[in-house]
Amino acid sequence: MYLDAVSNTLINTNGSAKTARTIEKKAVFEYWKDWQPSQISHHGGLCCEIAREWITATDFSSLNGDGIFTGPRWLRQKFNWGASRFPIHWCEAVRRDTLDCGALAALAHEVFTVRGVKSSRVQLVQKFSALATSQWTDSWGKGNEPLAWIKDDLIYHEGCAIDTGDKNIKVWDASAGWWVDSKPADGYGALLAIRLSDFNLRTGESFKWGEHIIKADEWLETS
Amino acid sequence: MKIYISGLYSGTNPQPGVGIARSLRTAYPKAKLIGVEYSNRCSGIHWQDFDEIWLQRPWNELNLTTHTEEIRRVLDSGALWISSIDLEIMWFAGVFPDGHPNLLTPSSAALEQVEKPAVPAHEGLPVKIPTFVTTEISDWDLHAFCREHDWKVWLKGPYYEAVRTRSWAEFEEKRHILSNDWATGRLFLQTHVSGYEESIALSAYEGELIDCVRMRKRDLTELSKTWAGDISEVEAEFIEPLREIIRKINWTGGAELEMVRDADDQLWLLEVNPRFPAWIHGATITGRNMPASLVEGATGLTAKNSPALAEEFTRVVMEIPVRSEFPLSPLPEPLGGTIGHSLKHPSGLLQFASRLHNLSSFDEEKSNGGGKSSQFKAPNVPPSFINDLGGLDLTAMETPASLFLENTAAEYFRKAGELADDLSSDALAVTNAYSIKTNPDERLIKLALESGFLAETISLPEVKKAIKIGFKPEQIILNGPGKWWRRENLPDGKFCSIFCDSIEELNRVIENLESGELQTEHLGVRLRTPNVASRFGIPVDTPEVFERLIEAVRRIPKEYKFAAHFHMASSNVGVGHWWHLFESILRWCGSIEALSGRLIEVLDVGGGWFPEDLQKDSSRNFKKAVALIPEFLPHVRRIISEPGKALAQPSMAVAMQILELRNFENVVHEAVVDGSIAELPMYFFYPHRILYQNPQNGGWKPLGRGKTKLLGRLCMEHDIVASNIELPENTQIGDILVFCDAGAYDRSMSYVFGRG
Ligand SMILES: [Zn+2]
């Protein structure tokens, strides 16, 4: 089996030579379909509890009176986006200068939840360019290992979703500090696939995101 | 077909003329497009799509009668006219009261229905209008509006321009500039709405909506103007009421509804522009050519289809050749000592605005911004002020004199006591405290003592004074960063509360308590929460300091009740923001309780209230606050409320005499008084209500806004105690003015200057 780099098509070369080659379209999320959202661990002691209280109290102060659906962009002001080593504990995370998309999304999810907003984690596949992904490979992996979250011009990314009522969701990109546009797009930075992943969601429960209907725990190609 | 398009300014805050021309060129390749401009500095005159440029003299020079006749001839000849200049559109509505089939602009009746800020025609649309007030109300009330909306307000001109005003000084400065620019005092203040900006652009002819699209701003200029955007369909729930409105007000022309979508998905309508937006060609690129649809609707001539090239558009900066018939003008000389060439409004629109005010066809009453003789309202002054003043013999006083309004002060203290009693329950006691620094006048401290208040002090000399007047140490609260200054004044006995301003101080006070050097019933901390510009309290904006604070709180001996302190001047941060900070503090305190295991039993809340803010629905607001506390801090048994300047501010006034009247064009434009900012140091922070005493009958008259500046007696440039008041006609030298609302920091921070 190999990947046709141009068309992203998986070409099946197994089976009898007499059988016509079957061509099946490989999903853009294929490489990450079994990944779970990143979690921040807790030491079970005061160290992590202080850190968690600090995050949620700072979040409320940072709202400055705005509504609870306001995206917690302050997290991205506080932490740079970059590689994080896992497992990461609360007391470590708050003292880091740099957090990756998974840790930032986990923090955003926590603050939305504490605000009383229904929130769930989301996993995303985004398209960039070979140049962008090679830059990340160099800066994150120091040129050694290929990074699992990068595949050609695609990347695995995390964020969180909030339910704004009637099962309408908005998707918060905690690393960028903006709401992801639900309008289908292709090209640099476009979102190609999304999955709502949360232990509290019932499998098959569906949500409306712009024109899309997203079922909990199921990958959906959006473009 | 000939189409005249006016408004070709093409800077970063452009007019739509060039975009309209580009769109019409796509739809009608053979049409003759004539660009109309009133300044050769508007770079759009060089745009290639114009077959001809009709360059007029700037608005301030233009002979409007001749110009009207020329335009009438143009329209009568069968040419169409699309205007992208708001003021020109208003002027057209006046000079063509019955319209003209070829003039693609709305009538004055239609314009009235979309006037900002109220936009009467918004009924039925799923939008709200942000709260606003006219600046014709008194300064006192304008300040209250700004406080109520946390100083997140925009001061807006009658036609264009909006500036943020974050403080009273900034408001006064910007109001002066805008009023001068637009030759009117009729501006308005509108609350800010946070969110994402989007617009709906439409075309309509004789009351029929032809087309409309939505545009979301996706990139902005420094002035928040569109730089890039995406275009999408307008949903049926919006189109249907919009169609009804367009029909009802019989709209002709383009229009743009500028809106903000907030975090709760609510749309707020900021304004309706009576023309196409400057980004209109961005919609054409997506296949929705609205200028063409307007022309098609008006003439019946089929427009060539505009292909949809994308769903999104952006701008770039382009250099284009200058037409040889309109060579560039030299730059004006910078004014002496200034920076820059001041090229704003090159076509003289500001002057045109003031000319419009003077035209009879321009109905002053109905128009939004016009008016030579605006009616500014004088502030309401409480009758108790006047009663108290009646009991004082001002002739026997040397001015400037500080006046104690005895009954007013007593009444305010009595009401505060009643409110505290009213809010107290078996579970929760509410006690007032008087902050001595607000005004250390003995009469006020005594009133506080008699009204059952505690004394809140920031230094040991203040403690000494409180004790001298009759307070016992157990009725005294110590607070502030320098409370141990002049330690020789430390009294024997147990304080009511000590609030530490730093972790270092908390550790030291714990040591002093353990050694018996100090005694207190409550020991607490003052917190500085994130995003608050304050020098006070323990900053919890890093997890490291927060952790150290938790460790220190855990060390507080169990015999002292743990307390928290929250003071913030609501008059500076705004009333709404004060409540947010209050709730924020409750959350931080809840976290401290949970993490330290120490329960908060006392909460000291206060800060910088204006009497009106405290009284306005005070029982409702305070009940809300008192109800909120147990939700976060169920172990609080006592609330200490420090109403701050709400009690002191109205209790005193400053009387001054007029020393000189200076006339200019038969108006008193300056008056010198014997008072000064030395007696009114808060002049820069809030307006004071001013009373004029009629020398004949001794009656008092509140002064409204006018053209007179009151200059203080000090030889200091900024000693101007009021910059725009209206003195009564017969004002004489020696007449008395009383500045009210001067009993708080005006009094305590007043200084001696220029007295020899
Ligand atoms: Zn830990």
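**Notebook: a helix, a zinc site and a helix pair**

I began with helix H12 of chain B, residues 406–423, whose 18 residues reach 26 Å from the first C-alpha to the last, close to the 26 Å expected at 1.5 Å a residue. I kept in mind throughout that this is a predicted model. Looking up burial along H12(B), I found that the buried residues include B:Thr408, B:Ala409, B:Tyr412 and B:Phe413, and that B:Ala416, B:Gly417, B:Leu419, B:Ala420 and B:Leu423 are buried as well.

I then turned to the zinc ion and listed its protein donors, which are ND1 of A:His43 and the SG atoms of A:Cys47, A:Cys48 and A:Cys91, lying 2.1 to 2.4 Å from the metal. The angles among the four donor atoms run from 96 to 125 degrees, and the site is tetrahedral; for reference, I noted that the ideal angle for four tetrahedral donors is 109.5 degrees. In sequence I read the donor spacing as H-x3-C-C-x42-C. A:Cys47 sits in helix H1 (residues 46–63) of chain A and A:Cys91 in helix H3 (residues 90–93) of chain A, so this pair ties together parts that are 44 residues apart in sequence. I also checked accessibility, where A:Cys47 counts as partly exposed at 31%, whereas A:Cys91 counts as buried at 14%.

Last, I looked at helices H2 (residues 64–76) and H3 (residues 86–95) of chain B, whose axes come within 12 Å and cross at roughly 80 degrees; the two helices are therefore roughly perpendicular to each other. On the H2(B) side I recorded B:Leu64, B:His67, B:Thr68, B:Ile71 and B:Arg72, which meet B:Trp91, B:Phe92 and B:Val95 of H3(B).

Conventions. Residues numbered from 1 in each chain as written. Chains lettered and ligands numbered in written order. Predicted model: local features only at pLDDT ≥ 70, side-chain atom pairs only at ≥ 80, totals over all residues. Heavy atoms only, no water. Helix = DSSP H or I, 4+ residues; strand = E, 2+ residues; numbered from the N terminus. Expected span 1.5 Å × (residues − 1). Buried < 20%, exposed > 50% of the residue type's maximum accessible area, 1.4 Å probe, protein only. Donors = N, O, S within 2.8 Å, 3.2 Å for Na, K, Ca; no water. Tetrahedral: all angles 85-135°; square planar, octahedral: opposite > 155°, others 65-115°. Axes fitted to C-alpha atoms, helices over the stretch in contact; angles between N-to-C directions. Parallel < 35°, antiparallel > 145°, perpendicular 65-115°, else oblique. Contact = heavy atoms within 4.5 Å.
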